Amino acid sequence: MESFLSEDEGLFSEDPLDVVEHVLEAENLQFDRTERGDVAFTLTGGWRDFGLCFTWRPDVDCLQVSLSLDMRAPPSLRAQVYELLSGVNARASLGLFEMREDGEILFRFGTPLLPGEYPGLGQTAGMIDVAMEAADRFFPAFDFLVRCGKPPAEALAACMFETVGVA
């Protein structure tokens, strides 16, 4: 059977995470492969450094990026965090924020691929951009709620301003 490979596909092995490594190497970013084989790295955002992790989900042919806000909600605030998650996720254009059982708050975004397909370099870089933009936009809302004790509606309103014009 004849194979038709794009320029991007010809560069990598059968592991779609090799594309992620290639993008990170091109940007001179340090990364590690976890015990599970995921690609983990750190990027500096507008508010803090964020830990990101790319995972390949072969069961659903999906490349997924997760970004940790490095923030855990205490049990006493989790109901309010769920309320804030609802408001934030309604406003996030791509991906979603979630809270794990231990209270960790993170952002997740996945790109489904056809069986045997690989993500492109630009597509992979775009996934990183989506995660960082979401973190930079909504981190203050979670920080206001978890660290400062603001109610969910007030925390969300604080990050919903839109800048108009040029300063």
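This is a predicted model: local features need pLDDT of at least 70, side-chain atom pairs count only at pLDDT 80 or more; totals for chains, interfaces and linings use all residues.
**Stop one: around Asp 38.** You are in the loop that links β1 (31-33) to β2 (39-44). Beyond neighbours within four places in sequence, the contacts of Asp 38 are Leu 17, Asp 32, Arg 33, Cys 53, Phe 54 and Thr 55.

**Stop two: β3 and β4.** Next, select residues 49-57, which make up strand β3, antiparallel to β4 and joined to it by seven bridges. Highlight Leu 52 to find Leu 67 of β4 opposite. The two strands form a hairpin with four residues between them, and in the turn Asp 61 has a positive phi of about 45 degrees.

**Stop three: along β4 to β6.** Select residues 62-72 to see β4 whole; nine of its eleven residues are buried. Then bring in β6 (residues 104-112), which pairs with β4 in the antiparallel sense over eight bridges. Ser 66 has Arg 108 in β6 as its bridge partner.

**Last stop: two helices.** Select α1 (residues 17-26) and α3 (residues 121-146), whose axes come within 9 Å and cross at roughly 75 degrees. The helices are therefore roughly perpendicular to each other. For the contact, pick Val 19, Val 20, His 22, Val 23 and Leu 24 on α1, and Leu 121, Thr 124, Ala 125 and Ile 128 on α3. Colour by residue type: seven are nonpolar, two polar and none charged.

Methods
Residues are numbered from 1 along each chain as its sequence is written. Side-chain values use heavy atoms; hydrogens and water are left out. Axes are lines fitted to C-alpha atoms, for helices over the stretch in contact, and angles run from 0 to 180 degrees between N-to-C directions. Angles under 35 degrees count as roughly parallel, over 145 as roughly antiparallel, 65 to 115 as roughly perpendicular and the rest as oblique. Contact means heavy atoms within 4.5 Å. Ala, Val, Leu, Ile, Met, Phe, Trp, Tyr, Cys and Pro count as nonpolar, Asp, Glu, Lys and Arg as charged, and the others, Gly among them, as polar. Buried means under 20% relative accessible area, exposed over 50%, partly exposed in between (1.4 Å probe, protein chains only). Two strands pair if DSSP finds at least two bridges between them.
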